[in-house]
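Try each one yourself before reading the solution.

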Amino acid sequence: MLVRKILKQLIVILGSMPAIVDKETCTACGACVEVCPVEAITMPEKAVIDAETCTECGVCVDECPVDAISL
Ligand code: SF4
Ligand code: SF4
């Protein structure tokens, strides 16, 4: 029963993979902030993606000039 519960939670977690930013690579250009259709990206210093809001559309990944974002 416990194993089943854990497996279900794993599937939920693995099924949802929001975009993530490599802070070392990000140059804070702001391009991703401009293109995100759901305004999931903010930039206190470097780009930060709100995992709850991100719809995994991939637009920011294509837009980033230094490939700092991955899905
Ligand atoms: S993957 Fe799409 S929704 Fe998620 S942060 Fe990038 S542009 Fe926004
Ligand atoms: S587009 Fe790339 S380099 Fe520019 S702020 Fe976003 S993550 Fe950083």
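**Exercise 1: Fold order**

The protein chain has three helices and four strands. Keep in mind that this is a predicted model. Work out in what order the elements of the protein chain run from the N terminus on.

*Solution.* Start at the N terminus and walk along: the elements go α-β-α-β-β-α-β. Next, check the contacts with a separation of 6 or more: 56% of them in the protein chain join residues 24 or more positions apart.

**Exercise 2: The core**

Find which residues make up the largest nonpolar core.

*Solution.* First, get the burial level: of the chain's 71 residues, 14% count as buried. A residue needs 20 or more other C-beta atoms within 10 Å of its own to pass as buried. Nonpolar side chains tend to be buried together in soluble globular proteins. Now zoom in on C32: skipping neighbours within four places in sequence, C32 touches I41, A47, C60, E63, C64 and I69.

**Exercise 3: Two ligand shells**

List which residues come nearest to each ligand, and sort each shell by residue class.

*Solution.* Take ligand 1: it has 14 residues around it, with C36, C54, C57, V59 and C60 coming nearest. That shell splits into eleven nonpolar, two polar and one charged. Move on to ligand 2, which also has 14 residues around it, and C26, C29, A31, C32 and C64 come nearest. The ligand 2 shell divides into eleven nonpolar, two polar and one charged.

Methods. Residues numbered from 1 in each chain as written. Chains lettered and ligands numbered in written order. Predicted model: local features only at pLDDT ≥ 70, side-chain atom pairs only at ≥ 80, totals over all residues. Near = placed C-beta within 6 Å. Nonpolar A, V, L, I, M, F, W, Y, C, P; charged D, E, K, R; others polar. Helix = DSSP H or I, 4+ residues; strand = E, 2+ residues; numbered from the N terminus. Buried ≥ 20, exposed ≤ 12 C-beta atoms within 10 Å, placed from the backbone. Contact = placed C-beta atoms within 7 Å. Core = buried A, V, L, I, M, F, W, Y, C linked by C-beta atoms within 7 Å.
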